[in-house]
Every structure is written in structure tokens, then in C-alpha cells.
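The exercises below ask you to read helix packing and backbone geometry from a model. Please work through each task with the structure open before turning to its solution.

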Amino acid sequence: MNAKMYINARDIKSRINPEIYGHFSEHLGRCIYNGIYVGEDSTIPNTKGIRNDIVDAFKNIKMPVLRWPGGCFADEYHWKDGIGEKSQRKKMINTHWGGVTEDNSFGTHEFFDLCELIGCEPYLAGNLGSGSVKELSEWIEYITFGGVSPMAELRRKNGREKPWKLKYLGIGNESWGCGGNMTPEFYSELYRQYQTYCRNYDGNQLYKVACGPNADDYNWTKVIMEKIKPWHANAISLHYYTVPSGNWEDKGNATGFTDDEYYKTLEKTRYMDTLIKRHSDIMNVYDPENKIKLIVDEWGTWYNVEEGTNPGFLFQQNTMRDAMVASINLNIFNAHSNRVAMANLAQAVNVLQSLILTEGERMVLTPTYHIFDLYKNHQGAKLCYSSIDDIRQDGYDLPVISQSVSVNDKNEMTLTLSNCSLTESVSVDTDICGFDFSSAKARILTGKADAHNTFDKPDAVKISDFSEVTKTDRGIRFTLPPCSAAEIILS
């Protein structure tokens, strides 16, 4: 197959906020415990109980923001249980995820330690479901106030003299479901009350996120936008998971799938584009100045759990199919970066569409991790106009090629493209306007759809150099192999 691609570097669409490449860590399965956090006494190399190899991996992809502590867990999390001497912290039952005991050894201080080690922004999900206005208000004071107050003194007593900086604050999670089964009208009124008492201390400016819709619940967005004004919220959230079968009782398997299941998965993940367009249309009616942003703070694939694992731990393998899902979604978020300010893949380690899998001391980078590595040069860059021939996969409502183009402050043009065809290579001839370059460097991730990394074969799927890029009079020419994603940087 052949495709023509047009790029105009003078036609700037928007800035790609780095937080679009964000992530999510919940007290769920082995995401936190025996994943990110192993404790200070572990033989696994760690800093304050946080795995060094995981921190290094997160830093490599320039992780810009990390959401915590949930998820559904957030609305049953009481932050005071997770501070102070660890032996004295309250234990609780994680009723949402596996019924296991939560010992609260990873709490506020540990999370902010993690973010400082990575160099990323913390994003807190506040407890609106089972908490109180006072509880959330005091948490913000504990974290961000540097003066004399009961919460600031409590923080100092627990070993932290200086306050932290906190930008992103979600007020409630999935309030339409596990966060309280609320109506949008009820949630809106409750949100307005809660956010009033989340104060800005010592120059810290909160970026407040209201609970937005579940997938295509357009009425929720309409009501929220009617009730919540720009001085109440900076953004609303959107959650959408790609479930291949469309059946939550039998979602399909992470490996061993058919070609038809592969294409249907990508078809379903492309629905993200429709969701963002339609929710943005509603938001534009009530907020034509684009003051309230959209944050897709839970997205990714959701399959049946791996056989023999705890059903409540949501542990699944990660294949080249997932890499293609990630590639398509990141290109969609880039395309809508005028409204989409952040996105958070679910989840960072050992849960759902993970970046990383761990087993004791061993760690595996998944194909999805490698996509974030390929795409990291878009962070903070300016999205410019690009279009490519709309070649459709036979038998499916699915474009074969997905693409983004940006130019950063170093005057580098970054192209990211993926070819979802399982059988056909695509030769791409580009026509580039408004950008001069003398060199091209490129990397690629490719493999069979079911290819994945294991603890015995951790590099079965990995990034390699892509030498098939040639300069032409009008731009560049290259050929994408089947089931592949590539990064090309021109300078």
C-alpha cells in the first residue's frame, strides 16, 4: 500500500501538554505493593522503599504526571490512615480490589517521595464518596501550607518541614458509579461545596478536576457544564476503556486472540476520537472560550485477568496489540490537544495496560512502555497540521495509519505513525511545508500482534533503529512494516 502525507509546519493547531503522556497508580493488585513500593527492608534496590529500576524507567519516558490513590479506591481512602509511624497506621480492607488488607504503609509522604524521585507532577484523587469536606480540606492544608496550623504542624511532626507543591486535584472519582452512584445534578452541587474549601496556600495554585462522564454519557457532561463554571473547575474527566468483546463478563483474552479480535480491539479504541469530539461539542456550547479542559484520566485496554491470578488484581499481559492501542490513543489526544489537557493510562505497573510488569526482583518493560518512549518528544511541542490518505482496513471501520506531527522548541519535527495492518506494509511519501531539515533519525517498534515480553524473554519486543527513511525534494519517504509504530525526528 502507498500513502501520501501532507505536513504544514506553519499551521500550528495547539500545544501538546506534556501531561497528555500521564499515568495512573491505584492501590489495586500489585501496582503499589510489590510493584512500585517494596519497602525499605527489601533486598530489591530501592530509595525509601520505592524500586529504583521502576523510577529510572519512569524517568526515561519523561513521565509528566502520576495520578493516585485511585480509581475506585480513592473514595474509600482516608488520608490520615496513611501518615505517621508505619507500625501505628490503621489497616483496612480493600473492598474494591480483591478484599485484601491495606496496611497504609504507602501514603501521602511516600507518594510525594515517588513523584520527587521521578520528577513528575502529583495528581491526587480526593475522597468525595465516603469522606467529608473537612477531610479533603485538611489534606490540602497538610500538603501545601507552610505556616502555623494544626495540619502543617502534623506534617512537620511526621518528618516533612517544607510543604509540597500540588497542582492537580480531582474531587471525586467515577461519582456516577463506584464513587457514590450519584446523579450529575447531585454530584455538581456536592462538587461546588467541596471545591470551595480546597484552598490555595502559599502560592500553590490548585488545578481542580471535576468528575466527568463515563464513556458516552453525554447527559452527564451537559449537566456538569451547566452547573459548574470555570471559576469552580479547571477541567472535567472522561473515562473510557477498550474492551474487545464489548462484554464486561467475558472481555476477551490479553494473548491468544484472533486477527478479527485484534482489529475489533483497534476499532473500539478508535471510539475515543468520537467521544472526545462529542463531549467537546457539548463543552463548547457552555464554554466557548475553552477555559474548562478535558482530562482522560483513565484509558486503556481491559481484558480477562491472567489465568491463576486474583480476579480483583486485574493483572494482564501486554502485547503489540496494546502497543497499537497506545499509539492510536496518543495520536488522538495530540489531535485534540486544544481541549485535552491530560490523559492517564491505566495503570503504571502490574494492572491492566501496564507500562511495567514485575515478579520479585525481575522487571519487564511492556510494548506499551516502548510506545511512550517513542512518543515522548511530543511533550510540550506544538502540534502542526498533518493529513494522510484515509486507507481503511478491509472489513473494518478502521484507518490503517494513525499519525501526529509536532515541532518543539529545539526546532525538531517529530512524526509518530503506526500501521495497524497485520499483512500489508505501507509506503509513505511526505510533502513537508514550512520546515527545513538536514538530518533524520528514526526508531521503530514492530512484531506480530501477539508478541509480548516475559520474565524469561524480556526483550522479545523492543525498540530498534529505523533506517528506512530517505530525504526527498519535498520531504521524506519511508515504509512502515505491518503492526508497527515509528518515531521520526527531523532537524
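**Exercise 1. Determine the handedness with which H5 passes H6, and then describe the contact between these two helices.**

Solution. In this predicted model, H5 passes H6 in a right-handed crossing. The next step is the geometry of the pair: the axes of H5 and H6 (residues 218-227) come within 9 Å and cross at roughly 35°. The contact itself can then be read from the side of each helix, with Pro184, Glu185, Tyr187, Ser188, Glu189 and Arg192 of H5 meeting Asn219, Trp220, Val223, Ile224 and Lys227 of H6. Sorted by class, the residues of this contact divide into five nonpolar, two polar and four charged.

**Exercise 2. Work out how H6 and H7 are oriented to each other, and list the residues that join them.**

Solution. Begin with the axes, which lie 9 Å apart and pack at an angle of about 30°. Since angles under 35 degrees count as roughly parallel, H6 is roughly parallel to H7. The crossing of H6 and H7 is right-handed. On the H6 side the contact is made by Tyr218, Thr221, Lys222, Met225 and Glu226, and on the H7 side by Tyr271, Leu275, Arg278, His279, Ile282, Met283 and Tyr286. The residues of the contact of H6 with H7 divide into seven nonpolar, two polar and three charged.

**Exercise 3. Describe how H7 packs with H8, starting from the axes and ending with the classes of residue in contact.**

Solution. The axes of H7 (residues 259-286) and H8 (residues 320-335) come within 10 Å and cross at roughly 15°, and the two helices are therefore roughly parallel to each other. H7 passes H8 in a right-handed crossing. From H7, the residues in contact are Glu261, Tyr262, Thr265, Leu266, Thr269, Arg270, Met272, Asp273 and Ile276, which meet Arg321, Met324, Val325, Ile328, Asn329, Ile332 and Phe333 in H8. By class, this contact of H7 with H8 has nine nonpolar, three polar and four charged residues.

**Exercise 4. Find which residues of H1 are buried, and decide how they are arranged around the helix axis.**

Solution. In H1 (residues 52-60), the buried residues are Ile54, Val55, Ala57 and Phe58. They cover an arc of only 160° around the axis, which puts them on the same side of H1. The buried residues of H1 pack against S4 (50-51), H2 (108-118), S14 (356-359), S15 (362-365) and H9 (367-375). Just after H1, lysine 62 takes a positive phi of about 55°.

**Exercise 5. Explain why H2 is described as largely enclosed by the rest of the structure, and identify what covers it.**

Solution. Start with the count: nine of the 11 residues of H2 are buried, so H2 is largely enclosed by the rest of the structure. The buried residues are Thr108, His109, Glu110, Phe111, Phe112, Asp113, Leu114, Cys115 and Ile118. What covers them includes S4, H1, S5, S8 (121-126), H3 (133-144) and H4 (150-157). Just after H2, glycine 119 takes a positive phi of about 85°.

Conventions. Residues numbered from 1 in each chain as written. Predicted model: local features only at pLDDT ≥ 70, side-chain atom pairs only at ≥ 80, totals over all residues. Heavy atoms only, no water. Buried < 20%, exposed > 50% of the residue type's maximum accessible area, 1.4 Å probe, protein only. Helix = DSSP H or I, 4+ residues; strand = E, 2+ residues; numbered from the N terminus. Arc of directions from axis to C-beta. Contact = heavy atoms within 4.5 Å. Axes fitted to C-alpha atoms, helices over the stretch in contact; angles between N-to-C directions. Parallel < 35°, antiparallel > 145°, perpendicular 65-115°, else oblique. Left-handed = near helix turned anticlockwise from the far one by under 90°. Nonpolar A, V, L, I, M, F, W, Y, C, P; charged D, E, K, R; others polar.
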